[in-house]
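Me: I am new to this structure and would like to know what lies behind the terms used for it. Please show it.

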There are 2 protein chains.
Amino acid sequence: MDTKNSVTLTPVQRLAHSELAGEIEFLTARMRSQGSTRANLLLAPLGLKVRSYSVLSLACSDLAPTQRELAEFLSLDPSQIVPLVDQLESRGLVERVTSPNDRRTKVIAGTPAGQDLYTQARKATGEAEEVSLKALSAAERETLRDLLTRIAFDA
Amino acid sequence: MDTKNSVTLTPVQRLAHSELAGEIEFLTARMRSQGSTRANLLLAPLGLKVRSYSVLSLACSDLAPTQRELAEFLSLDPSQIVPLVDQLESRGLVERVTSPNDRRTKVIAGTPAGQDLYTQARKATGEAEEVSLKALSAAERETLRDLLTRIAFDA
DNA sequence: TATTGTTATACTCTATAACTATA
DNA sequence: TATAGTTATAGAGTATAACAATA
């Protein structure tokens, strides 16, 4: 395989100097692939994935999101929210609360059991983030969070 | 809908203060969703998507990647590379060049037509990136690129 | 015996349209 | 007439295992 004169490089190291590797789109795709794989792995023992975790997180906030809001915020179609909420509701983690003002809209609210699970799940995603960002200093992590926030919401 | 006393907020603005919105994993997911949608849109007139564009880009570099290397670098399974290369090859954009050293491995090489199309496609992804990062200064963009590169490759 | 590329298959995710009940 | 949620369905993407050719 390797001769004495050839330096051993992994495919990733070898192609890391490509023009593609300099594109933000590619870098975020790679980061996201690694990050979500890791997060899903750490959430699996709790019966959650990144998607269901995101819904649970918002349901357990004090923002009382409707399904429509969840869909828009999570960049999902409203029809995709239905089975996510169904699953969490069947486990007693969230409830569909029909709005008194408009009986069409349903606010998704976390139950006490949901709050408990969310607390554990938040630790898991925190660990996943810690691993993902281990190459960065605390200051760099805050810089990254600021830049990503502006891209995600200022646009 | 809105009374005189309620400030009109989009769902995204309203939920942007959630704990979830502070998580890197969520921010990259959102950025990626927006970015790949935009890139796919700009690549569509050329008959490419982000995936096939990535393969074409590496094939047109001077790195002579094998299919195995493409799979690892693009975080895909080797079996997913096959139809991507098939499609590009059928359009005469890339060629499978059997390695003289090891007749199992096939290097994916861009043809002149592939190089031409890549030049156009690179402009399209450049425009997409420009739109994605429009909220950031030039210096901030370089900072972001540096941070993402370290996360994607130092890990 | 291990590796590259390939094929086949099933599973998840995503996108679209149509339906209901409310407004 | 328009909107929130739901259902149904098809398409794209993803993961897995097994296979042939080559090392």
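Me: What makes the pair formed by a base oxygen of DNA strand C and the side chain of Arg104(A) a polar contact?

Reply: A polar contact is a pair of N or O atoms within 3.5 Å. The base oxygen is 3.5 Å from an N or O atom in the side chain of Arg104(A), so this pair meets the limit. The model is predicted: local features need pLDDT of at least 70 and side-chain atom pairs 80 or more, while totals for chains, interfaces and linings use all residues. Side-chain values use heavy atoms, without hydrogens or water, residues are numbered from 1 along each chain as written, and chains are lettered from A and ligands numbered from 1 in written order.

Me: Which part of DNA strand C does Arg104(B) contact, and at what distance?

Reply: The side chain of Arg104(B) has an N or O atom 2.7 Å from a base oxygen.

Me: How many residues surround DNA strand C?

Reply: There are 18, with Gln67(B), Arg68(B) and Ser79(B) among the closest; a residue is near if one of its heavy atoms lies within 4 Å.

Me: Why is helix H3 of chain B called mostly covered?

Reply: Buried means under 20% relative accessible area (1.4 Å probe, protein chains only). Nine of the 10 residues in H3(B), 50-59, are buried, so the helix is called mostly covered. Tyr53(B) and Leu56(B) are among the buried ones.

Technical notes
Polar contact = N/O pair within 3.5 Å; in protein donor to acceptor, adjacent residues only side chain to side chain. Buried < 20%, exposed > 50% of the residue type's maximum accessible area, 1.4 Å probe, protein only. Helix = DSSP H or I, 4+ residues; strand = E, 2+ residues; numbered from the N terminus.
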